[in-house]
Amino acid sequence: KVVAINEAVHKEMDDGNVMLSADLKNNSDKQIKELVVAFAAWDIDGNPIKLKSASGTSEDAYVKRINMGDVTVAAGQTWMADSGDDVMGYKVAPELSNIAYVKAAVISATMEDGGSWSNPYYDQWKTTYENVKLEDWMK
């Protein structure tokens, strides 16, 4: 994998909203300038949560595709999602504060030199996690 997810996180922000984000490892020899990442989330009982943006401007979905533009991840480096106040990811609606578990996958990456990479396993990831109860995919 050119870009790997080390950990998906959810963090309550100062404004009361929850931000979904992920720690990413750039396994390539090129600098990344843009990422498209997908998120899925579940409540404490393992029920899938239909994600809704805090702004209400996008369609609700069990798997959300997020363009995380303007990131810089040097070759071989890890980008930490929860590195202080500068958290980049997907801000969910306040009523979704019951998120207990998060999974993330990189869909694609654009490199500084204009090249790109698409995750060949993304469709399988989406099928595994989209609107599926936690216990169903843990078996």
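Select W42 to begin: this residue is buried, with a relative accessible area of 1%, where buried means under 20% relative accessible area, exposed over 50% and partly exposed in between, computed with a 1.4 Å probe on protein chains only. Before moving on, note that this is a predicted model, in which local features need pLDDT of at least 70 and side-chain atom pairs count only at pLDDT 80 or more, while totals for chains, interfaces and linings use all residues. Residues are numbered from 1 along each chain as its sequence is written, and side-chain values use heavy atoms, with hydrogens and water left out.

**The aromatic residues**

A search of the whole structure finds three aromatic pairs; rings of Phe, Tyr and Trp (for Trp, its six-membered ring) pair if their centres lie within 6.5 Å, and planes under 30 degrees apart count as stacked, over 60 as edge-to-face and the rest as tilted. W42 belongs to strand β3 (residues 32-42) and Y129 to helix α1 (residues 122-129), so the pair ties together parts that are 87 residues apart in sequence. Helices (H or I, at least four residues) and strands (E, at least two) are DSSP runs, numbered from the N terminus. Y129, at 14% relative accessibility, also counts as buried.

Next, select Y122 and W125, which form a stacked aromatic pair, 6.0 Å centre to centre with 20 degrees between the planes. Because they are three residues apart in helix α1, Y122 and W125 are separated by about one helical turn, and both of them are buried. Now show the four residues together: W42, Y122, W125 and Y129 form one aromatic cluster.

Move to N119, which is placed in the loop between β9 (116-118) and α1 and is buried, with a relative accessible area of 12%. Which residues does N119 touch, not counting residues up to four places away in sequence? They are V106 and I107, where contact means heavy atoms within 4.5 Å. If you display the side chain of N119, one of its polar atoms can be found 2.8 Å from the backbone oxygen of V106.

**A last stop in strand β2**

Finally, select S21, which lies in strand β2 (residues 18-26) and is buried, with a relative accessible area of 0%.

Technical notes: Polar contact = N/O pair within 3.5 Å; in protein donor to acceptor, adjacent residues only side chain to side chain.
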